[in-house]
Amino acid sequence: MEVFPLISVCRRIRRTTSPARPARLTLIAGTAMLGAALTACSGAAASDSASGSDDGAGAARTPDTSITVNLQGTKAAAGRPVTVTLADGKLKTVKVTAAEGDALTGRISGDGRTWTSDRVAAPGTEYSVEATDTGGGTDRAGFSTAAAGKVNKLTLAPGKNTTVGVAQPLSIVFDNPVKDKAAVERGLKVTTSNSTEGSWGWLQDYSGKDRIDWRPKEYWKSGTRVTLDADLNGIDSGPAGGWFVRDYATTFTIGRNQVVKVDLDRHRLALHRDGKAVMDVPMSAGTPGGEKASWRGTAVLMAKEGTINMRSETVGLGDAYDKMVDSSMRLTWSGMYAHAAPWNAAYFGVANHSSGCVGMSDANAAELYRKAQVGDPFEITGADAKGTVAEGNGYGAWNVSWSDWQAKSALA
């Protein structure tokens, strides 16, 4: 009949060693704790047969391998680092993994008791936590963050795996306003193949939206490879902006060293490659003295759009024109292009007599269209202009001094 005390002892131990905290998913004891449980059961029969004692006197204290996590429950606050704290001893490893499989990296404190994630918890995400200590103990926990009430998104330029000219900036336009610009900028990491010096600068896009551009101090060097890692998942852009719920990335390469020089006074356009002119043709730019005048300063070739329909009312010039235009190359959002303009041939090399664009013969425009790259700078000089290309009207950052541009960073 001695078998009954043995069964009773084992049942009591199973109840007292099962995890009691509801926040913990499972508890796997270390070898020391497992050994103590096994000794209690196997030793109970001998103890009962000799004296019936079950007081456990003299048992060694087992270290507490349990962990606590600062974020708990099913609606934990996003946007905060995850901290995992061990009750006793020192942490060896910590894994915090999202349900989608992405893991948060982190660091263990000097005393070994606490682990803190490098990045914050993202909204609307379920996380599992597993920690081991130096004694072999393991504990697990889990939590979910509250979903984002509003989501912010962005548009990146240039496109992924593209080749662009030496003046092309990295440009990010946000769907919603960005109040916490410093937090967003800290999540943006630019890497170049030759340690190019550059800076972020905040500005207002021509569309009225918040925008941030990264431009080098000087034009890029040909062959430079550029990578942007926008680690924004979990960052709150502020009131009216909403949360970012994903990361973004793009990589591009700098192509030929080309600069287009437009002289409004001489009515000439020249394409320089590696410092040498490979084209020098007559042209006619915008009529001076009013809204039809061209912009001066450095514009950047934004897109090669080919044959497009140009209508004057779209740029605030009434019903002056409505025609199909070949070899169209966009220079600003406000509608300044370089393109073929055979109807204006009498003024090429003679006078500026267009509605703001830089016009050439069909043959010359087609040649420039073939040779030009998106991202090539158009350096426009001369008196016959209505002002300088603004930062947000296309890519006008080159018209700002380097020191003034650096001051536009939220981290300056």
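A word on terms before I start: contact here means heavy atoms within 4.5 Å. And the model is predicted.

With that in hand, take Thr-224. Setting aside the neighbours within four places in sequence, Thr-224 is in contact with Thr-192, Ser-193, Asn-194 and Thr-196, and also with Phe-252, Thr-253 and Ile-254. Where does Thr-224 sit? It is in the loop between β15, residues 210-216, and β16, residues 225-230. Buried or exposed, then? The relative accessibility of Thr-224 is 1%, so Thr-224 counts as buried, the cut-off for buried being under 20%.

Phi of Ser-195 is near 55°, which is a positive value in a residue other than glycine. Ser-195 has 68% relative accessibility and therefore counts as exposed, since exposed means over 50%.

Last, the loop between β10, residues 154-157, and β11, residues 162-164. I have two items here. One is Pro-158, which lies in that loop. The peptide bond leading from Ala-157 to Pro-158 is cis, and its omega is near 0°. The other is Asn-161, also placed in the loop between β10 and β11. What is phi of Asn-161? It is near 60°, a positive value, and the residue is not glycine. Asn-161 is exposed, at a relative accessible area of 58%.

To go back over the accessibility values: Thr-224 is buried at 1%, Ser-195 is exposed at 68%, and Asn-161 is exposed at 58%. That is what I have for today.

Notes: Residues numbered from 1 in each chain as written. Predicted model: local features only at pLDDT ≥ 70, side-chain atom pairs only at ≥ 80, totals over all residues. Heavy atoms only, no water. Helix = DSSP H or I, 4+ residues; strand = E, 2+ residues; numbered from the N terminus. Buried < 20%, exposed > 50% of the residue type's maximum accessible area, 1.4 Å probe, protein only.
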